[in-house]
Amino acid sequence: MAYTYKAVDPESGIKWCVRAVFLGDSYGLGDCLTYGDREDINRWVGTMERDDNPLIEFYDMDSSVAKIRADDDEIIKERGQFVSRYYLDTLNKTDWSQSSGLNLDGGVDRWSVSGEFMVKAMDAVNIETDYAKRVTSKETEDA
């Protein structure tokens, strides 16, 4: 089941929803896709390093679109306006405490999150997904 972390970025004051999507969870426009479907895997051949690599989605909960569409769309009401999606492995390759943050969309100035926000969000996601434990145990098994 998908996990959500909601918090305000202390640098920008924007409220964000960060959502971890696991195999079998719905995602995409209107949640019309299922992560891990054979079609999904074929479309992204070679990008899934492991079968337990969740997708991490970022939603702007304060955007004007989210405010306008919230009454008509339950997903937008719950999460906000979709901005970007990454694999958890990709985000875990950066030491966010040493970073100025992450630009989620170069075309929209407000769609960046601070390093401080990313530290807290990634801590929450990694604890919820038990990701660090699984990586450690897999590395131990391979040794």
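## Cysteines, sheet and cores in a predicted model

Cys32 is exposed, with a relative accessible area of 60%; exposed means over 50%, buried under 20% and partly exposed in between, with a 1.4 Å probe and protein chains only. This is a predicted model, in which local features need pLDDT of at least 70 and side-chain atom pairs count only at pLDDT 80 or more, while totals for chains, interfaces and linings use all residues. Residues are numbered from 1 along each chain as its sequence is written, and side-chain values use heavy atoms, with hydrogens and water left out.

| Residue | Relative accessible area | Class |
|---|---|---|
| Cys32 | 60% | exposed |
| Cys17 | 0% | buried |
| Arg19 | 5% | buried |

A search of the whole structure finds zero disulfides, a disulfide being a pair of cysteine sulfur atoms within 2.5 Å.

Arg19 belongs to strand β2, residues 15-21. Strands (E, at least two residues) and helices (H or I, at least four) are DSSP runs, numbered from the N terminus. A polar atom of the Arg19 side chain lies 3.0 Å from the backbone oxygen of Ser26. Leaving aside residues up to four places away in sequence, Arg19 touches Tyr27, Asp31, Glu57 and Arg79, among others; contact means heavy atoms within 4.5 Å.

An open sheet is formed by four strands in the order β1-β2-β5-β6, with antiparallel pairing; two strands pair if DSSP finds at least two bridges between them. β1 (3-8) and β6 (81-87) stand at the edges with a single partner strand each, so one side of each has no neighbour in the sheet. Strand β5 (residues 55-60) is joined to β6 by six bridges, and Tyr59 has Phe82 as its bridge partner in β6. Helix α5 (residues 115-129) packs on the sheet and touches β1, β2 and β5; its direction makes about 160° with that of β1. Axes are lines fitted to C-alpha atoms, for helices over the stretch in contact, and angles run from 0 to 180 degrees between N-to-C directions.

The largest nonpolar core has 25 residues, and those with the most contacts inside it include Trp16, Phe58 and Phe117. Such a core is a set of buried Ala, Val, Leu, Ile, Met, Phe, Trp, Tyr and Cys residues joined through side-chain atoms within 4.5 Å. α5 gives the largest share of this core, six residues. Phe58 touches Trp16, Cys17, Leu91 and Met118, among others. Another core, of five residues, lies apart from the largest one and includes Tyr27, Tyr35, Leu55 and Tyr87.

Note on methods: Polar contact = N/O pair within 3.5 Å; in protein donor to acceptor, adjacent residues only side chain to side chain.
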